Amino acid sequence: MSAVPPVINADVVGFRYMEYALTKMWTMQMSFSRLAPRLPAMSAVITQCYAVQASMAHFVNQIQYYFNFEVLECSWDDLVKDLAAAQDLDQVIDAHRMFLKTLTERALLGSEPKSQKMLAQLRSIFDVIMKFRSVQESMYTMAADQLQYMDDLTKGPPGTWGLTFADSDRLDLREQKFVQQQVPKAEAEVYNIAQTFDNMVGKFLTMLTSDSDQSLRFLSFRIDFNERYKTINAEYKEACSPFPTSRQAKRQLGPSGVARPMFSAD
């Protein structure tokens with residue numbers, strides 16, 4: 001008997017790759033930040049890239065934490081306790097079956113339509129993250145080409161200084177095209193990705209909030225810890241109305257993340 005189904009291992013590796021991709025995006029942003037002052041026209045889209053990357057990183061970190069600790073670690077702990085209490089082989093088999101059942105249900109790998117929809121939505125969000133990585137790389141390549149063109153044109157032949165009128169005109173035309181065409185295109189691409197990501201995360205949070213599993217509902221509270229998605233997604237806000245807010249949910253969680261009882265014993 002395998003301890004963890006291969007499909008769960010594949011998902012965990014996928015989460016790690018998302019984390020790696022977002023780290024590479026951040027590294028690229030920090031590397032380019034030294035050159036950004038030379039392209040003031042790109043300051044707005046660069047700032048938006050910072051915000052989008054931070055939102056995506058927070059989402060991936062929360063999902064990864066949930067799978068690693070609330071799914072794998074807690075399920076494994078229950079399995080160890082059940083195996084220690086087992087009296088015969090049948091109880092060992094039952095404990096392992098329960099372990100696999102809990103894993104598949106909490107990891108959104110069950111056969112129920114709701115689990116399949118949530119997993120499909122999660123993977124679609126990861127596709128958006130990879131698309132953002134591609135858009136950001138293209139944007140920084142475009143900016144690097146513009147800076148290289150400026151440097152090559154302003155250097156001139158050895159022993160010369162300044163620009164000729166022809167070179168100045170070419171530089172002005174190139175900069176005009178860059179500011180009026182390339183930068184607005186990059187801004188539109190980043191804005192569309194940001195909107196798509198917010199909408200898809202809002203839909204995913206709606207699914208989590210509507211689930212009967214308490215751990216999945218508390219996952220939605222951690223992702224939307226500042227209740228930002230409630231302000232931009234009416235469906236999610238409506239789905240949250242029967243449940244406590246993120247601040248109330250935090251007060252119900254103990255230091256280890258285990259839910260406290262809502263009322264005292266007395």
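How are helix 2 and helix 3 oriented to each other, roughly parallel or roughly antiparallel?

1. **Getting started.** Please keep in mind that this is a predicted model. Of the 266 residues in the protein, 39% are buried.

2. **Helix 2 with helix 3.** Now to the opening question. The axes of helix 2 and helix 3 (residues 89–106) come within 9 Å and cross at roughly 170°. An angle over 145 degrees counts as roughly antiparallel, and helix 2 and helix 3 are therefore roughly antiparallel to each other. From helix 2, the contact takes in Tyr66, Glu70, Val71, Leu72, Ser75, Trp76, Leu79, Asp82, Leu83 and Ala85. Helix 3 brings Gln91, Val92, Ala95, His96, Phe99, Thr102, Leu103 and Arg106. Sorted by class, the contact of helix 2 with helix 3 has eleven nonpolar, four polar and three charged residues.

3. **A closer look at Ser75.** This residue is found in helix 2. Ser75 counts as buried because its relative accessibility is 4%. Leaving aside residues up to four places away in sequence, Ser75 touches Phe99, Thr102 and Leu103.

4. **Helix 2 with helix 4.** Next, follow helix 2 (residues 43–85) to helix 4 (residues 113–155): their axes come within 11 Å and cross at roughly 150°. That angle makes helix 2 roughly antiparallel to helix 4. The crossing of helix 2 past helix 4 is left-handed. On the helix 2 side you will find Val45, Ile46, Cys49, Val52, Gln53, Met56, Phe59, Val60 and Ile63. They meet Leu122, Ile125, Phe126, Val128, Ile129, Phe132, Gln136, Met139 and Tyr140 in helix 4. The residues of this contact divide into 16 nonpolar, two polar and no charged.

5. **Gln116 in helix 4.** Is Gln116 buried or partly exposed? Gln116 has its place in helix 4 and counts as partly exposed, because its relative accessibility is 46%. Not counting residues up to four places away in sequence, Gln116 touches Gly110 and Ser111.

6. **Helix 2 with helix 6.** The axes of helix 2 and helix 6 come within 10 Å and cross at roughly 150°. Helix 2 and helix 6 are therefore roughly antiparallel to each other, and helix 2 passes helix 6 in a right-handed crossing. His58, Phe59, Gln62, Ile63, Tyr65, Tyr66 and Glu70 of helix 2 make this contact with Ser215, Leu216, Leu219, Arg222 and Ile223 of helix 6. By class, the contact of helix 2 with helix 6 has seven nonpolar, three polar and two charged residues.

7. **How covered is helix 6?** Helix 6 (residues 214–223) is mostly covered, with nine of its ten residues buried. The buried residues are Ser215, Leu216, Arg217, Phe218, Leu219, Ser220, Phe221, Arg222 and Ile223.

Terms used:
Residues are numbered from 1 along each chain as its sequence is written. This is a predicted model: local features need pLDDT of at least 70, side-chain atom pairs count only at pLDDT 80 or more; totals for chains, interfaces and linings use all residues. Side-chain values use heavy atoms; hydrogens and water are left out. Buried means under 20% relative accessible area, exposed over 50%, partly exposed in between (1.4 Å probe, protein chains only). Helices (H or I, at least four residues) and strands (E, at least two) are DSSP runs, numbered from the N terminus. Axes are lines fitted to C-alpha atoms, for helices over the stretch in contact, and angles run from 0 to 180 degrees between N-to-C directions. Angles under 35 degrees count as roughly parallel, over 145 as roughly antiparallel, 65 to 115 as roughly perpendicular and the rest as oblique. A crossing is left-handed if the near helix is turned anticlockwise from the far one by less than a right angle, and right-handed if clockwise. Contact means heavy atoms within 4.5 Å. Ala, Val, Leu, Ile, Met, Phe, Trp, Tyr, Cys and Pro count as nonpolar, Asp, Glu, Lys and Arg as charged, and the others, Gly among them, as polar.
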